[in-house]
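Here is a short briefing to read alongside the model.

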Amino acid sequence: MTATNKPECSKRVFRPGAFRSSPCSFAGKVERDGKWYCKRHDPEVVAAKRAAKEAEWAAERAAQRALSERKQIVAAAKADALAYVKELAAQGDARAAAILEPLDAEADR
Ligand SMILES: [Zn+2]
């Protein structure tokens, strides 16, 4: 850092269409480990934003996992129920046979 009254942000940035990075043009507002940063590039702000994003993604993954587990439980219950109804139908249960009738008709098509 140069000894000026107005420190500049230490972060180098890529401007649209640029092939090389250039210094951030904002004034340094906070000093971290001897370097100055503008409000946007303050490492603590950057880390906090990243942590917030990661927490958001983790919550989304957890919600997806919960939904997936719920679907598996429902699918397993449906398969069990169908197997049981088929078992009852095989034993001559008229109501079970009636339940299976539309499924059999669908399979015959
Ligand atoms: Zn900056």
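**Overall picture**

Of the 109 residues in the protein chain, 5% count as buried. Please keep in mind that this is a predicted model.

**Fold and overall shape**

- The protein chain contains two helices and four strands, and their order along the sequence is β-β-β-β-α-α.
- With a radius of gyration of 32 Å, well over the 13 Å that the globule rule gives for 109 residues, the protein chain is more spread out than a compact globule.
- Along the principal axes, the C-alpha atoms of the protein chain fill a box of roughly 95 × 30 × 15 Å.
- If you look at contacts between residues at least 6 apart in sequence, 24% join residues at least 24 apart.

**Helix H1**

- Helix H1 covers residues 43-90, and at 1.5 Å a residue its 48 residues should span 70 Å. The end C-alpha atoms of H1 are 70 Å apart, which agrees.
- H1 is hardly covered, as the count of buried residues among its 48 residues is zero.
- Just after H1 comes Gly92, which takes a positive phi of about 90 degrees.

**Helix H2**

- Helix H2 runs over residues 94-108; its 15 residues should span 21 Å at 1.5 Å a residue, and its end C-alpha atoms are 20 Å apart, which agrees.
- H2 has a kink of about 35 degrees at Leu100, shortly before the proline Pro102.
- The number of buried residues among the 15 of H2 is zero, so H2 lies largely in the open.

Technical notes: Residues are numbered from 1 along each chain as its sequence is written. This is a predicted model: local features need pLDDT of at least 70, side-chain atom pairs count only at pLDDT 80 or more; totals for chains, interfaces and linings use all residues. The expected span of a helix is 1.5 Å times one less than its number of residues. The bend at a residue is the angle between axes fitted to the seven residues ending there and the seven starting there. A residue is buried if 20 or more other C-beta atoms lie within 10 Å of its own, exposed if 12 or fewer, and partly exposed in between; C-beta atoms are placed from the backbone. The radius of gyration is taken over C-alpha atoms; the globule rule is 2.2 Å times the number of residues to the power 0.38. Two residues are in contact if their C-beta atoms, placed from the backbone, lie within 7 Å.
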